[in-house]
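Hi everyone, thanks for coming. Let me put the structure up, and then I'll talk you through a helix pair and one of the chains.

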Amino acid sequence: MIGTKVMLTLPHRPIRILAALTLATAIATLIALVLWAIMAAATGNSTGSRIDIPHLLRMTSIQAGLTAVLSLLVGAALAWSLNRLRFPGRDMVVGLFASAIVTPGMVVAFGLLSIWGRNGWINRASEALFGTSIGNPAFGLSGILLAHVVLDGAFAARIMLARLDAIPSARLKTGQSLGLSAWQRFTLLDLPAIRGTVPGLAAIIFLLAFTSFPIVLMLGGGPANQTLEVAIYAAVRQDFDLVGAVYLATTQIAVCSLVILAASALAPIPTSFGASTAPRWRDAGLAQALQITVLGLCLVGFALPLLSVLVDGLSSGIGRIVAKPSFWWATASSLLIGSASALLTLALALTLALGRGATGRGIVRTLLGMPAFAYLAVPAVVLSLGFFLLVRQLGLEASFAAPFVVILANSLLALPFAMATLGPPLEAIARTRGKLIRSLGLSGWQQFASVEYPLIGRDIGVMLALAFCFSLGDLGVIALFGTQDFQTLPLMMFRALGSYRGNDAAAIAAILLIGTVVAFVGLPKLFERIAHAAR
Amino acid sequence: MVKSTRLALAVLTGLIASPAFAQDLPKLTIYTYDGFAAEWGPGPGLKAGFEATCVCTVEWVAADSSIGTLRRVQLEGASTEADIIVGLDTAIAGEARATGLFADHGLDLSGLSLPEPWTDGQFVPFDYAHFAFVYDSDTVATPPKSFEELIALPEDFKIVVQDPRSATPGLGLVLWIAAAYGDRAPEIWAGLKPHILTVTREWSESYNLFLTGEADMALSYSTSPAYHIISEGDDTIHAAIFSEGHLAQTEVAGILRSSDQPELAKQFLAYLTSMDGQKLIPSTNWMFPVTDIGDALDPAFATLPQPAKTLTLTDEDIAANSQRWIDQMLAAVQ
C-alpha cells in the first residue's frame, strides 16, 4: 500500500523489523498456548452453548460501534477545545480527563451514578429547584454509552491532544499569517494531525466496548445488553465447559481480529511529532464560544463524576485506611507492579512501533500491528485460566509466578494504548526524517538516541503514565493463583466493596484517582524534560 | 505459598530475601475465597485459634471466588495441595460431590443448630443465612411481604439482583423462586422484570447500588443488617421477610480425598464447628453460626427477624434443574 518512494526514503533497519517480528510471533504464540492449555485440560465434550450468539454479536457490535463513533467525536471536540484554550488548572483538567480510562470501570460507573443516577446530584438539584426529576438515564443502552464515552472519549481526547500540541510552530505561523478561519484551521492543520490516531483509537475503543463486562452488566439493565464475555465467563466458571469456552473465545477473537486487521492494515498517515512552542493563536468569537461550551459540557459530563469519587472518598474517612499497614503494603505492591509493567510495556511498544515504522511493506506493518491488540480480543477469564494452567505445566508454584504473570498481563493490556501513543509519531519521524537519517548515515541506535527519543520524550511520558496507571489495576488474571497475600490497591478496593466496607472502598478509589492524575500531569512533563536534556 | 509470593515480590524489587526455613510442622493447606482469608475475614482468627491447639501450620490459599476454589481443585485433580476447601455452599455442594474429589468427614454433627437438621456425610456446614431483599426503612416505609406483593408495587419501585451465572446470591434467588413457586417461577420472574433496575455481576455492585439510593431493595442476606448495626451503628437497613419462606445459603467445608493430612483436616473441621471456631464467624463473615454460641453472639444478630419458613432443595433437584431454571430466568428478564 505504501509506494516505493516511501520505501526508498526509509532508513534500512533490518534488526528493528526482525526484533518486532520476533516479538509479534512471541505474543501470538503465548495466546495460542493459553488456548491450547485450556483445551488440553478439558475433559469431556462441550455441553453446547445455550446462548444465541448471532444475536449477542449483533447487539454487542451495535453498542461497540456506537461507542467508538461517539467517543471519537467527543474526543476530537474535546481535544480541539483543550488545544485552543488556556486557563489556570488546564494541566490538571487534562490529567483528570486522561485518568478516566485507567480508573477501574466500576469506580467510574458509580461516579456517573452519583451525578446522573436516580439519587444523583442532578436529580436532587432538579427536584429541589423544579420539583421534578430527570428520571434515570444512567441505565440501559444510554447508560452503557454514557459510561463508555466518559471512559474512552476522554482517552481519545488525550491522545489527539498530544498530536495537536505537536503541530510544528512553523505550520501554525504560516497558518496564522494566511489568516485561516477557525474551520479552515481545523480542516487544514488539525485534522491531518489527528487522522493518524483514528484507526488505532477506533480499534481500541471498539474492542474495549465489545469486551467490557462489569460496566455493561451493571448499567445495561439486564441480560439483554450483555456481551459475549459474560457467556464465556459462565462457560468457564459456572458450567466448567472448557471446550465450549474456547469455542466462544475463538469466536470473540475472530470478530475482534476483523476490527484489528482493518485498523492495522491502514496505511500510515503522516503526522507531526515533538512539542511545539506554538505562538498563541486563539480562535475568534464563535469558535471560541463553542470551545468553551464543549469544555464546559465535558467537565460536567466527565469530570464531575470523577470529582464525586474524590468527594465521596475524602468524606468517608481516608484516615482509617491510611492507618492500616495493609494499605501501605498494597500501595507498595501497586507501585512495584505498576512500574515494572510500565517499563515492560515501553520495551514492547518501542520494539513493535520502531519495527513498524521501519518497514514500508503493508503486510509486515499489518502483522506488526495486530499482536498489540491481542489482550483486548482474548476474554479475561480465558486468559486467567490459561495462565494458571501454563504455570502449572511449567512446574512453577502458582503464588511465586503470580506477580510475574500480573506484570506480563498488565503490559499486554496496556500495549494497544501504548502503541496508539507512540506509533503515529514514530512512523511520522521515520517517514519525514528518513532521507536525512540515511544521508547522515546514522546507525539504528544513533537514530533512536539523537532523533527519535528527543522528539517522542513527552509521548513516552504519556505512555508510561497510561501503562503505570493501568497496571495498578485489578488482578483478575491471577484469580485462581492464590491471592491472599498479594494485594494491590484496586484489589483492596474490590475486597472492601465485597465485604460491606463501601466507605473504605470509596476512600481507596479517591486515593487511586489522585495518584492517577498526578501520574498523568507529572510523567509527560518529566519525560519531556529528560528527553530534552539528553539532546 | 505465602512465602513464595513475598519471595517473588522481593526478587522483583531486587531485595535479597532470606529464605524462610521450612518448618517441620505438618502443614494444612486450605483453599477458600478471598473474602474469607482477608484480614477482616474469619481466616486469620481461625488460623491462630487452630494453630494454638494443633501442632501444625495452617495456610490459606485464596481464589477469587468460592466457585474458583472448586474449579482450581478440579483442574489440579489428585495432585492438588489442598487438604480442605472452605466456603462452598449448598447450591454447588452437589456438583462438588459429583467430582468424587471429596472424602467423608466422619464427624458427628447432630449437635449443630441449623434451620434444618444436617445429614451430609461429606460437607460440614460452618455458617448460614437466608437470601433476602434488604431495604432502608428511611425510604421504604412498608416493604413488600412476598414476591407477589413486590410484583404488585408501582414500577418505579426498583430492585437490583445478580447474574446467577456469576454471583452466588444471584443463583440463590433463582433457586429460591423455583423452590417457592415451582412451575410458576417464570411467571414470577416476568412479574419482577419491570422492577429490576439491573442485573449485576457481583453482589457488591448490587449492594452498593442499593446503598447509594439507586434502587429500593437489593438481593442480599437476612444477616446483612447486622453489619450496619454492629459496624456503623445504623439500624435503618432491614431484610424484608417474605411469606413464601426463604431459601438458606449454608456455607460448607470439605476434605479432599487426596489430602495427606486427613486426620488433621478432620480436626480442623471439628474446630471450625466448635464453640471457639464459631465465635469468630458472625462478625467477620456476617452470617449466623451453626452452633449455639450463646452470649458470644452479638445481640444485633438476635434482633434480626427470621423467616417463618425455610425452603430447601435437594442436591438432585439442583443438579437436574438449575440450568433450566437459570435459562427461564434469563429468558424472562431479557
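So, start with helix H5 of chain A, residues 105-116, and helix H7 of chain A, residues 141-165: they pack at an angle of about 120°, with their axes 10 Å apart. Axes here are lines fitted to C-alpha atoms, for helices over the stretch in contact, and angles run from 0 to 180 degrees between N-to-C directions. Helices (H or I, at least four residues) and strands (E, at least two) are DSSP runs, numbered from the N terminus. That angle makes H5(A) oblique to H7(A), since under 35 degrees is roughly parallel, over 145 roughly antiparallel, 65 to 115 roughly perpendicular and the rest oblique.

Before I go on: this is a predicted model, where local features need pLDDT of at least 70 and side-chain atom pairs 80 or more, while totals for chains, interfaces and linings use all residues. Residues are numbered from 1 along each chain as its sequence is written, with chains lettered from A and ligands numbered from 1 in the order written.

Which residues meet? From H5(A), A:Gly105, A:Val108, A:Ala109, A:Leu112 and A:Trp116 meet A:Leu146, A:Ala147, A:Val150 and A:Leu151 in H7(A) (contact means C-beta atoms, placed from the backbone, within 7 Å).

Now chain B, which has 15 helices and 11 strands. Its C-alpha trace spans about 65 × 45 × 40 Å along the principal axes. Of the 334 residues in chain B, 53% are buried, meaning 20 or more other C-beta atoms lie within 10 Å of a residue's own, with C-beta atoms placed from the backbone. And for contacts in chain B with a separation of 6 or more, 78% join residues 24 or more positions apart.

Key. Contact = placed C-beta atoms within 7 Å. Buried ≥ 20, exposed ≤ 12 C-beta atoms within 10 Å, placed from the backbone.
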